[in-house]
Amino acid sequence: MEFMLRNIIISLLIFVFGLAKDICFCLRLTEVRIPNHVTKNSTVQLECHFDLNGEALYSVKWYKDGNEFYRYVPRDNPPAQLFLLTGVSVDLLNSTANQIVLNNVTLASSGRYRCEVSAEAPSFQTVSSHGDMVVVALPDTDPKITGGRPRYQIGDVVRVNCTSGRSKPAAKLTWFINGEVAEPSILRRYDTVITGREGLETTVLGLEFRVRLRHFKRGDMKLKCVATIAHVYWKSNEESVEGDKQPKPPALESKETLHPNGSRADRQESNSSSSSHRRRFMARVVTNVLLSVLVLLNSLSSVSPVVLPRSFSIGRR
């Protein structure tokens, strides 16, 4: 009986300690806000929210890539303290235990930021959380499309390139044909070009395909290139290309095709009449020439005059 009672007491104690652990009233972080992407030269706010649950706050510390740059200790005077770190410029007047403000962030400000909160004695509990922040140098120019022609015919090959402005990180380029994303098989990728002291990056993406009838919508083909960097940058460039209007081949005229000025029979009658007139005219000319020759011979000859045959008459064919 005593043994059973002892086991029951031990089980109850284990249950109570386990329950107390689950509902422990201790220091905990409720939210840490670190933006994923921010633009160069902007002002950024980092937040660290916590629940002391009856504990006394000892300190709040901020780290970048493992290096401390800000410390807040309530019992110190002044409570906030800064530590020099490349790429980090803290606005001390607007920074507290729950937030810090960074002025004029640069590319060197990119990195992993961690908030660490510690409680006073006797618990000396410490909790922390982190997040990564990327500072974006926006492209200096909009994306450009090069290599295109103003007109294309079906069967022609389109070879164009889209080039982003210099940025960091590199812009992501996407091609669209008539509003639809281009298939990966017709894309041509090139190495990223890195220039300048800050290592700014230029992206080039090519597009190559043979023109088909389906590429033309109402006689036009629209080629668009979109450049993006996370959620902080979106720019596009679009070119509208016309399809060449090829002349229609002349239709073969049927033998029964009517002439605008008359029927086929009318044309045959007209052609026959013209031929008859030409023949009569030529006969008159020949007859006149022969008569002139005969008259000349009669006047020059001392013999009897030349007598024309009865069958010869003027004006007859």
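**Salt bridges**

Visitor: How far apart are the closest N and O atoms of Glu68 and Arg71?
Guide: The model shown here is predicted. In the model, Glu68 forms a salt bridge with Arg71. The closest N and O atoms of Glu68 and Arg71 are separated by 2.8 Å.

Visitor: Is Arg71 buried, partly exposed or exposed?
Guide: A residue counts as buried under 20% relative accessible area and as exposed over 50%. The relative accessible area of Arg71 is 24%. Arg71 is therefore classed as partly exposed.

Visitor: Which parts does the salt bridge between Arg112 and Asp132 tie together?
Guide: The side chains of Arg112 and Asp132 meet in a salt bridge, at 2.8 Å from N to O. Because Arg112 lies in strand E8 and Asp132 in strand E9 (residues 126–136), the pair ties together parts that are 20 residues apart in sequence. The parts are thus strands E8 and E9.

Visitor: What is the relative accessibility of Arg112, and what is the relative accessible area of Asp132?
Guide: Arg112 counts as partly exposed, at 42% relative accessibility. Asp132 is partly exposed too, and its relative accessible area is 37%.

Visitor: Which residues are linked with Glu31 in a network of salt bridges?
Guide: Glu31 lies in strand E1 (residues 28–33) and counts as partly exposed, at 33% relative accessibility. Glu31 and Glu47 are 16 residues apart along the chain, while their C-alpha atoms are separated by 7.8 Å. The network links Glu31 with Arg33 and Glu47.

Visitor: How many salt bridges does the structure hold?
Guide: One of them joins the side chains of Lys64 and Asp65, at 3.0 Å from N to O. In the structure, the number of salt bridges is 15.

Visitor: Is Lys64 buried or exposed?
Guide: The cut-off for a buried residue is a relative accessible area under 20%. Lys64 has a relative accessibility of 8%. By contrast, Asp65 counts as partly exposed, at 44%. Lys64 is therefore buried.

Visitor: Why is strand E4 (residues 57–64) largely enclosed by the rest of the structure?
Guide: Strand E4 has eight residues. It is largely enclosed because the number of buried residues among them is seven.

Visitor: Which residue is the bridge partner of Trp62 in E8, and which is its partner in E5?
Guide: Seven bridges join E4 to strand E8 (residues 111–119), and these strands run antiparallel. Five bridges join E4 to strand E5 (residues 67–72), also in an antiparallel arrangement. The bridge partner of Trp62 in E8 is Cys115, and in E5 the partner is Tyr70.

Visitor: Which residue in the turn of the hairpin formed by E4 and E5 has a positive phi?
Guide: E4 and E5 form a hairpin with two residues between them. In the turn, a positive phi of about 50° belongs to Asp65.

Visitor: Which residue stands opposite Arg71 in E6?
Guide: Arg71 in E5 is the bridge partner of Lys61. E5 is also joined by three bridges to strand E6 (residues 80–82), and the two run antiparallel. In E6, the residue opposite Arg71 is Gln81.

Visitor: Which residues gather with Arg214 in a patch of positive charge on the surface?
Guide: Arg214 is placed in the loop between strand E18 (204–210) and strand E19 (220–229). With a relative accessible area of 58%, Arg214 is exposed. The residues gathered with Arg214 in the patch are Arg210, Arg212 and Lys217.

Definitions and conventions. Residues are numbered from 1 along each chain as its sequence is written. This is a predicted model: local features need pLDDT of at least 70, side-chain atom pairs count only at pLDDT 80 or more; totals for chains, interfaces and linings use all residues. Side-chain values use heavy atoms; hydrogens and water are left out. Patches are made of residues with over 30% relative accessible area and no salt bridge: like charges are joined within 9 Å, nonpolar side chains (Val, Leu, Ile, Met, Phe, Trp, Tyr) within 5 Å. Accessible areas come from the Shrake-Rupley method with a 1.4 Å probe; for residues, only the protein chains shown count as cover. A salt bridge is a side-chain nitrogen of Lys or Arg within 4 Å of a carboxyl oxygen of Asp or Glu. Lys and Arg count as positive and Asp and Glu as negative; His and the chain ends are not counted. The place of a charge is taken as NZ of Lys, CZ of Arg, CG of Asp or CD of Glu. Helices (H or I, at least four residues) and strands (E, at least two) are DSSP runs, numbered from the N terminus. Buried means under 20% relative accessible area, exposed over 50%, partly exposed in between (1.4 Å probe, protein chains only). Two strands pair if DSSP finds at least two bridges between them.
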